[in-house]
Amino acid sequence: MNHFHYRGGQLLAEGVAIDDIARHVGTPFYCYSTATLARHFTVFQDALAQAGLDATVCFALKANPNLAVVRTLAQLGAGADVVSEGELRRALRAGIPPERIVFSGVGKTRHELEFAVAKGIFQINVESEPELRALSEIAAARGVRMPIALRVNPDVDAGTHAKITTGKKENKFGIEWTRAHEVFTRARALPGIEVMGIACHIGSQLTEIEPFQAAFQRVRDLVAILRADGFNIRRLDLGGGLGVPYDGETPPSPADYAKAIAATLGDLGCRIIVEPGRLLVGNAGILVSRVVYVKEGATRTFVIVDAAMNDLIRPAMYEAHHGILPVTEPAAGAPLLPVDVVGPVCETGDTFARQRPLPPLSEGDLIAFTTAGAYGAAMASMYNARPLVPEVLVKGDDYAIVRARPDFEDMIALESTPDWMGG
Ligand SMILES: *Cc1c(COP(=O)(O)O)cnc(C)c1O
């Protein structure tokens with residue numbers, strides 16, 4: 001469900017014509033819908049409440065750290081899951097209170113830990129023994145005990161793309177399942193640490209409920225073991241990972257997901273934390289691009305557009321599928337012909353779609369890549385010295401540029417040539 005639709009033959013974001021934004025902002029650009037963000041957040045939060053869970057929804061900023069997007073969710077009551085000092089600063093700037101922020105990540109530096117402790121955030125999800133020792137030292141030096149969860153790796157196959165599977169024992173994340181009890185025992189002995197609970201995140205873009213159920217069951221088993229040993233386990237952070245439809249997939253609904261949590265963990269009296277990223281923002285964004293040329297190759301037609309892999313890397317990185325909509329609605333019965341939709345970057349991987357059946361497209365036409373709100377702008381780069389793609393947020397009949405397109409001077413402003421090179 002999203003608020004991008006055709007009206008009067010034109011693609012709109014809520015009440016705003018994409019064509020109007022393109023004329024004002026230029027292409028390519030990301031466009032987000034406030035109503036869609038709000039709907040996703042509300043449906044998800046309501047599902048948890050209806051399942052009887054005392055749950056805090058911490059938006060995983062890495063999916064879309066744009067300040068206006070985060071603030072939209074913050075105003076609806078979202079907390080944040082951050083994985084770097086930069087994300088933590090953004091979450092705070094967007095108005096998320098420290099007591100609703102959790103800090104995840106396998107390689108938090110001492111500097112980052114110090115910053116998080118100083119800000120008094122809700123919880124740090126610790127992923128290793130060296131991190132545990134570092135954090136204890138830092139917190140103890142400040143005379144505090146930092147609330148933590150230990151992230152365990154449940155060795156469950158999420159059944160998703162290898163690059164976004166995180167819960168197998170060969171993945172770098174979390175503490176090995178079989179050693180969890182031992183590490184909890186060490187944590188308990190450290191002066192700067194207050195063990196609050198267990199964290200677990202098995203991967204992203206999950207389209208089946210079973211891997212979640214298997215992971216939650218392991219968490220349940222661990223709660224029993226730890227409680228029997230006197231640990232006061234009162235928080236369970238279940239990570240993110242719920243998938244969205246890109247190409248006809250049918251991921252579990254928020255209600256199914258909430259029921260799976262309630263069925264496995266609901267009776268433990270723990271506060272539940274969930275960290276959805278993609279689910280909240282994926283469908284709430286599109287990437288708008290203009291056709292530069294249509295080139296007839298020897299065996300196929302290439303539609304060359306002005307967006308590229310540096311703007312949206314998911315197809316190149318994860319073989320991901322994004323829907324493609326012409327911004328001008330195709331005539332009923334328009335023929336669909338297979339084309340390759342490619343960007344201008346000098347890499348064969350700069351291909352958005354191969355042999356995709358699309359209605360006829362010509363130079364100057366606008367297209368929209370759908371479901372681009374998660375891991376789109378967030379992963380953009382300046383490869384090929386292309387400016388970072390701007391971002392626009394729509395609300396009703398209104399829109400605002402929420403990240404401007406840098407000009408070429410901005411892009412090189414941080415660089416300089418050493419004196420020895422002269423002028
Ligand atoms: C990436 C990540 C998330 C969010 O994942 P989604 O698939 O976008 O929901 C949540 N928690 C942690 C620890 C992550 O690394």
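What volume does the largest pocket have? The largest pocket has a volume of about 680 Å³, where a volume is the space filled by probe spheres set on grid points that are joined across faces, edges and corners. A pocket here is an open set of points on a 1 Å grid over the protein atoms alone, with protein on both sides within 12 Å along at least five of seven lines, whereas a cavity is a set of points where a 1.4 Å probe fits but cannot get out; lining residues have an atom within 4 Å of a point.

This is a predicted model, in which local features need pLDDT of at least 70 and side-chain atom pairs count only at pLDDT 80 or more, while totals for chains, interfaces and linings use all residues. Residues are numbered from 1 along each chain as its sequence is written, and side-chain values use heavy atoms, with hydrogens and water left out.

The lining of the largest pocket consists of 37 residues, and those nearest its centre are Lys62, Val83, Phe173, His201 and Tyr375. Because domain 1 (4-32 + 282-412) and domain 2 (34-278) both give residues to this lining, the largest pocket lies between them; the domain bounds come from an automatic or database domain assignment.

The ligand takes up the space of the largest pocket, in the sense that more than half of its atoms lie within 2 Å of the grid points. Around the ligand are 15 residues, the closest being Lys62, Ser204, Glu275, Arg278 and Tyr375, with a residue counted as near if one of its heavy atoms lies within 4 Å. Several polar contacts (pairs of N or O atoms within 3.5 Å) can be traced here. An N or O atom in the side chain of Ser204 is 2.3 Å from an oxygen atom of the ligand, a polar side-chain atom of Asp81 lies 3.2 Å from a ligand nitrogen atom, and a backbone N or O atom of Arg278 lies 2.8 Å from a ligand oxygen atom. Taken alone the ligand exposes 380 Å², of which the protein buries 94%, the areas coming from the Shrake-Rupley method with a 1.4 Å probe.

The second largest pocket has a volume of about 270 Å³, and among its 14 lining residues Met1, His40, Pro245, Pro254 and Leu279 lie nearest its centre. The largest cavity holds about 30 Å³ of space, and His201 is one of its lining residues.

Terms used
Polar contact = N/O pair within 3.5 Å; in protein donor to acceptor, adjacent residues only side chain to side chain.
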